[in-house]
Amino acid sequence: MFYPIQLLADWLTYSIFNITPKTLLADTINFFIFDTIKIFILIIIVIFLISIIRSYLPPEKIRAILSRKNKYVGNILASLLGIITPFCSCSAIPLFLGFVQAGVPLGTTFSFLIASPMINEVALVLLLGLFGWKIALMYIVSGLIISILSGIIIGKMKVENLVEPFVYGNLINGNRNLPSMSGKERINYAKDYTLDILKKVWIYVLIGIGIGAWIHGYLPADFLVQYAGSDKWYVVPLAVLIGIPLYSNAAGVIPLVSALTEKGVSMGTTLAFMMSVTALSLPEFMILKKVMKIKLIIIFVSIVTIGIIFTGYLFNLIL
Amino acid sequence: MKIEVIGSGCKKCKALFELAKEVFPELGINDEVIYSNDINKIVLMGIMQSPVLTINDKPVLVGMLPNKERLKEIIIKYI
């Protein structure tokens, strides 16, 4: 599928930049050009398509779907719908209030709040482009399982008393009041959104792939096995810990991680690290403080963290 | 005409407010653009995204920051 891009990368490396083939430098440059073009093409296609789907399924419609579902179906649907909804700190509070006030159960709301940032479109594109569809699928499925189970557990804990009382102040009948969109407006929306994302991430993607290409070319193949191989028990929790402050920077982190995986970091550790980068974000927790008690945030973070660490160990064991 | 940008106070919301203040006069509309960070208003409208641009209390733009040209198109459609 990416063969024409490889031809283009070869032509640029060997003919235009005139670098002698089979040297370290040639490999590194070639790798960099190939990955960069591939990722940018994927970003444009995938994000455009997801934006079109999203224009038909804004959070307000998702809420209407979720408020009619029973508990377990709700958790599953909420997690699935979280995939197409990007997590924006601007909307975190109206999203939470909107769900809860329309009668969507707390556990279902959490399933959505976990899946939405964890399985985000940029991370998905990078996983697809750099790790292949199998790993991307594994990431999606384990992300879904974590968000579904975490939501169910939080729902069972009956923690409604840990939500700020004002949240339950006004109960609304989720009537939709959205401006309608024509087909042309949907395409414009998707185009603008894709451009926005490109503007936001291109520099991180370039830097990430750049450092990744250097690691790919210059570090020996087993460089990290002795420190980060799957037999080291502490690597998974450590990776999760390192991932927390790197929130919202999946664009730069994933290319880097893909190169490190090549040098001996095991796949489970890599998956756990990426989940930690996307799902555990400090600014999100700070914002949620407006609508829930710290105790509930700690419960929520702990459950998700345990889920991620467990996933890391599991894949280290079976892959 | 009552023109209001309602947001949670994030960067995107303020950027939309600034853009709206610029665009309405260019369209010959000199009514004041108000900024509000009363999230309840958004939720009560049945909306779950921020920022929101309302004209006479009717939401016309939800959850995004368009470019200038696009914002003009949207406003013209609703006035």
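Four bridges join strand β3(B) to strand β4 (residues 58-62) of chain B, and these two strands run antiparallel. Strands pair if DSSP finds at least two bridges between them. This is a predicted model, in which local features need pLDDT of at least 70, side-chain atom pairs count only at pLDDT 80 or more, and totals for chains, interfaces and linings use all residues. Residues are numbered from 1 along each chain as its sequence is written, and side-chain values use heavy atoms, with hydrogens and water left out.

**Strands of chain B**

- Strands (E, at least two residues) and helices (H or I, at least four) are DSSP runs, numbered from the N terminus.
- A hairpin is formed by β3(B) and β4(B), with two residues between them; N56(B) in the turn has a positive phi of about 50°.
- Strand β1 (residues 3-6) of chain B is also joined to β3(B) by four bridges, and the two run antiparallel.
- I3(B) stands opposite I55(B) in β3(B).
- From β3 (residues 52-55) of chain B, V52(B) and T54(B) point one way, while L53(B) and I55(B) point the other way; all are buried (under 20% relative accessible area; exposed is over 50%, partly exposed in between; 1.4 Å probe, protein chains only).

**S150 of chain A**

- Helix α8 (residues 133-156) of chain A holds S150(A).
- S150(A) is buried, at a relative accessible area of 3%.
- The S150(A) side chain reaches the backbone oxygen of I146(A) at 2.6 Å.
- Apart from neighbours within four places in sequence, S150(A) is in contact (heavy atoms within 4.5 Å) with I114(A), I303(A) and V304(A).

Definitions and conventions
Chains lettered and ligands numbered in written order. Polar contact = N/O pair within 3.5 Å; in protein donor to acceptor, adjacent residues only side chain to side chain.
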